[in-house]
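Here are a few notes to read with the model open beside you. Take them one at a time and find each residue as you go.

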Amino acid sequence: MKKIGGILRFLKAVIFVLNYAIATYIVNIFGNGEKFLKQRTGSGAKKLMDITGASITVSGTENIDTNKHYIFVGNHRSYTDILVIFAAGGIAGCHFTFMAKKELFHIPFLGKAMQFLHVISVERGSTSKAMKSLLEAIEVIKTGRNVVIFPEGTRSNDGHTLSPFKKGAFTIAKRAEVDVIPFVIEGTEKYMPKKGFGMYKADVSIKFYPPIYTHDKTDAEIMNEAENVIKEALCQK
């Protein structure tokens, strides 16, 4: 029964997201789809978590200056991590975008909604393609948007252990001349596990930590500082 419930919640989520995407597409025909979606992303993410059985606790929002923009980096436990980030943004009063596989942009309506959110397309396979994504991220940040990056590059295998960080996020922060805010998400490995198919009732939390200032630091120094903050929070030092 638990598995069936998880599948049903996942189907609810798919329908909810597609409805949002279609509504945005229709609004854009007659008005401003980007503005429509931006105003509803935080509340929509929170509502989606409610209907799929997840409660959320957000802390550390005092570390975010909403008059500035940042690179946000954190641990990656589940596909639902970005949903938690959006819901937290609604509570904190800031907006986020993120990086996603190029293939997702080909999904009808969803791809268009991702464009409205200025989601950065990632095309893996070569250094030149990776550089293109990096440059796009820098341009997005310079327009005044916060970018979320999971520097592990993939979800944790066991939902807990932090994998070694990749340097890309910190290179972007350095080149865009913005500071880095680490965050830690817990509980999403139960909400939507890596293995299996479904969404399950869970208590989820996200905590934002003080900014890491990037001025006069190398990419590696910024990365090590962020990784240590997150490891210490997860008791993995």
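1. Start with Arg155: it lies over the face of Tyr79, 3.7 Å from the ring centre. Keep in mind that you're looking at a predicted model.

2. Now find strand E5, residues 146-149. Asn146 and Val148 point one way, Val147 and Ile149 point the other way, and all are buried. E5 pairs in the parallel sense with strand E2 (residues 71-74) over three bridges, and Val148 is the bridge partner of Phe72 there. Strand E3 (residues 96-101) also pairs with E5 in the parallel sense, over three bridges, with Phe96 opposite Asn146.

3. Next, the rings. There are eight aromatic pairs in the structure. In one of them, Phe72 and Phe96 have ring centres 4.9 Å apart and planes at 90°, so the pair is edge-to-face. Phe72 is in strand E2 and Phe96 in strand E3, so this pair ties together parts 24 residues apart in sequence. Phe72 counts as buried at 0% relative accessibility, and Phe96 counts as buried at 6%.

4. Phe150 and Phe183 pair up too: their planes sit at 80° and their centres are 6.0 Å apart, so this is edge-to-face. Phe150 is in the loop between E5 and helix H6, while Phe183 is in strand E6, 33 residues apart. Both Phe150 and Phe183 are buried. Together with Tyr70, Phe72, Phe96 and Phe208, they form one aromatic cluster.

5. Which residues make the nonpolar patch of about 740 Å²? They are Val14, Leu18, Ile22, Tyr25, Ile26, Ile29, Phe30 and Phe109. Tyr25 is found in helix H1 (residues 2-30) and is partly exposed, with a relative accessible area of 38%.

Methods
Residues numbered from 1 in each chain as written. Predicted model: local features only at pLDDT ≥ 70, side-chain atom pairs only at ≥ 80, totals over all residues. Heavy atoms only, no water. Patch = residues over 30% accessible without salt bridge, like charges linked within 9 Å, V, L, I, M, F, W, Y side chains within 5 Å. Areas by Shrake-Rupley, 256 points an atom, 1.4 Å probe, with all protein chains shown as cover. Salt bridge = Lys/Arg side-chain N within 4 Å of Asp/Glu carboxyl O. Helix = DSSP H or I, 4+ residues; strand = E, 2+ residues; numbered from the N terminus. Buried < 20%, exposed > 50% of the residue type's maximum accessible area, 1.4 Å probe, protein only. Pairing = 2+ DSSP bridges. Phe/Tyr/Trp six-rings, centres within 6.5 Å; stacked < 30°, edge-to-face > 60°. Lys NZ or Arg CZ within 6 Å of the ring centre and 35° of its normal.
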